Amino acid sequence: MKKLFGVSASLALAVSVFVAGCAKTDVAPAASATAAPAAATAAAAPTPEVQKPVSLKFWGGVPPESGPQEAVDNWNKANPNIKVEYIRYVNDDPGNLKLETALLSNTDAPDIYMNYGDDKMTKRQAAGMAEPLDDLIAKAGFDVEGIIGSANIKKFADGKYYYLPANKNVGAVLFNKKALDEAGEKLPTAWTWDDFSALAAKLNKGERKGTMLDPALSTFGEIILQTGKAKDSFIADDGTSNFNSPALKKGLELQQSLESKGIMMKYSEAVAGKITVQNELLTGKAAMTPSQIYIIRYIKDTKSFPHDFKVAFAPYPQFTAGGNVNPGGGMGDYMSINKNSKNKEAAMKFISWYLQEGNMSMVPGGRIPTNKKADAGKIASILIGDAKDLIDEDSLKALLAGNYTFPTAYNVPVPTELKAIYKDEMEKYLLGVQPIDKTLETMKTRSDTTIKGAKK
């Protein structure tokens with residue numbers, strides 16, 4: 001009997017050891033006495049609250065139907081936790097003031113916004129309206145060099161980035177090809193501003209002007225100055241203003257000559273009429289105009305601009321024969337994050353996506369992605385789309401294949417003030433109030449004084 005008890009006891013001990021060993025290797029045995037309270041606690045724990053989506057406001061100057069809304073919709077479908085709302089502001093003086101007022105506001109302020117021009121970017125960075133991006137770029141894992149190229153982005157005095165460019169502009173002279181053919185002229189491929197002036201005179205016919213400019217965007221003075229000095233055109237090599245440049249004089253005199261001969265609408269009339277490139281060119285009121293390929297979105301919009309002629313593209317004329325400066329071209333659509341945004345990391349995630357794939361939605365409207373890895377053939381195909389009867393395909397492809405020097409204005413001191421001085425004195429000349437030499441002398445004197453004051 002004792003022997004039987006001993007065997008039973010040994011067997012019980014062995015089973016006990018076996019069960020204990022299993023308890024150490026299994027994650028949570030169903031029969032474990034210690035697991036029951038934990039399971040009960042887990043069952044009793046409240047369900048975590050569903051995290052509310054982050055909401056971002058994205059301000060830009062392009063109409064939503066021309067690409068931005070599609071890009072935002074694509075993002076929102078794939079990223080339900082970060083909702084982006086696109087808000088359009090008009091890229092003119094009142095529109096830029098509206099943006100800057102909103103950036104300083106605590107309500108309905110943009111998280112992400114587009115800057116159009118080096119002067120506006122410089123001004124907003126100096127005013128503390130933009131967040132430095134370097135740390136955010138690192139956290140997002142965005143490869144600046146591999147995607148855009150660091151040489152194409154300005155670093156400010158503190159050595160930091162305050163924007164990333166989303167659009168590579170390509171400037172062009174756009175032609176009503178029907179008018180060109182009627183005049184028996186070939187599309188220029190390499191030409192000077194004297195050639196431009198002569199061709200504008202030949203294309204001038206009846207109510208159709210030979211050429212035009214949108215005065216809210218540019219004048220021939222600025223454009224030709226850039227073709228004479230692509231880097232920091234407003235500033236001479238000695239640091240003073242460049243407003244006594246022969247290129248600037250040529251530009252202002254060319255515009256005054258075209259206006260006085262009736263080849264171009266007078267500046268005062270163009271300002272009062274708020275004329276635009278798309279309206280004048282596509283309604284047949286002007287035969288050619290210096291602009292950019294973003295006009296393609298208007299060429300395709302035959303509902304707003306009905307026309308039956310093709311638009312052809314030529315490179316810009318040069319101040320010096322053989323040059324390759326592309327005014328209006330270069331990096332643009334500078335994306336910045338508001339210094340006051342409460343969702344900067346989420347904003348950077350959106351910017352990273354937008355620059356790598358999202359802004360392909362902008363191509364149909366004529367905006368070319370800065371992403372070096374973007375498919376160039378696909379871009380050309382998208383730009384033309386089903387509008388082969390309205391766009392001269394060969395000239396567009398030749399333009400896109402060109403090798404250009406793009407103007408930059410990274411090192412221009414007080415750019416807003418210099419721009420205002422230029423406008424003041426330029427208008428006096430074009431309105432016939434003062435002669436060209438007095439205009440340039442006053443422009444330079446005022447600008448040099450302003451630059452010296454800024455250095456104190």
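Author: Welcome! Buried means under 20% relative accessible area, exposed means over 50%, and partly exposed is in between (1.4 Å probe, protein chains only). This is a predicted model, in which local features need pLDDT of at least 70 and side-chain atom pairs count only at pLDDT 80 or more, while totals for chains, interfaces and linings use all residues. Residues are numbered from 1 along each chain as its sequence is written, and side-chain values use heavy atoms, with hydrogens and water left out.

Reader: Is Ile-436 buried or exposed?
Author: Ile-436 sits in helix α19, residues 436–455. Its relative accessibility is 12%. That value falls under the 20% limit, so Ile-436 counts as buried.

Reader: How many helices and strands are in the chain?
Author: Helices (H or I, at least four residues) and strands (E, at least two) are DSSP runs, numbered from the N terminus. Buried residues make up 47% of the 456 residues in this chain. Among contacts with a separation of 6 or more, 76% join residues 24 or more positions apart. As for the elements themselves, the chain has 19 helices and 10 strands.

Reader: How are α18 and α19 oriented to each other?
Author: The axes (lines fitted to C-alpha atoms, for helices over the stretch in contact, with angles from 0 to 180 degrees between N-to-C directions) are what we compare. Those of α18 and α19 come within 9 Å and cross at roughly 165°. Angles under 35 degrees count as roughly parallel, over 145 as roughly antiparallel, 65 to 115 as roughly perpendicular and the rest as oblique. The two helices are therefore roughly antiparallel.

Reader: Which residues in α19 do the residues in α18 meet?
Author: On the α18 side (415–430), the residues taking part are Glu-417, Leu-418, Ile-421, Tyr-422, Asp-424, Glu-425, Met-426 and Tyr-429. Their partners in α19 are Ile-436, Thr-439, Thr-442, Met-443, Arg-446, Ser-447, Thr-450 and Ile-451.

Reader: Where around the axis of α16 are its buried residues?
Author: In α16, residues 376–384, the buried residues are Ile-379, Ala-380, Leu-383 and Ile-384. They cover an arc (taken from the directions from the helix axis to the C-beta atoms) of only 125°, which puts them on the same side of α16.

Reader: What do the buried residues of α16 pack against?
Author: Ala-380, Leu-383 and Ile-384 meet Glu-393, Leu-396 and Leu-400 in α17. The axes of α16 and α17 come within 11 Å and cross at roughly 140°. That makes α16 oblique to α17. Altogether, the buried residues of α16 pack against α14 (296–300), β10 (368–369) and α17 (393–400).

Reader: Which residue caps the N-terminal end of α16?
Author: A polar contact is a pair of N or O atoms within 3.5 Å; within protein, one must be able to donate a hydrogen and the other to accept it, and residues adjacent in sequence count only if both atoms are side-chain atoms. Here the backbone nitrogen of Lys-378 has a side-chain oxygen 3.0 Å away. Just after α16, Gly-385 takes a positive phi of about 55°. The residue that caps the N-terminal end is Asp-375.

Reader: Which backbone oxygen lies 3.3 Å from a polar atom of the side chain of Asn-371?
Author: Asn-371 is in the loop between β10 and α16, and at 11% relative accessibility it counts as buried. Leaving aside neighbours within four places in sequence, Asn-371 is in contact with Ile-147, Leu-355 and Gln-356. The backbone oxygen belongs to Gln-356.

Reader: What phi does Lys-274 have?
Author: Most residues other than glycine have a negative phi. Lys-274 lies in the loop between α12 (267–273) and α13 (277–282), and is exposed, with a relative accessible area of 71%. Although it is not a glycine, Lys-274 has a positive phi of about 50°.

Reader: How many of the 9 residues of helix α10 are buried?
Author: The buried residues of α10 pack against α9 (193–203), β6 (209–211), α11 (246–260), β7 (286–292) and α18. They are Phe-220, Gly-221, Glu-222, Ile-223, Ile-224, Leu-225 and Thr-227. Helix α10 is largely enclosed by the rest of the structure, because its buried residues number 7 of the 9.

Conventions
Contact means heavy atoms within 4.5 Å.
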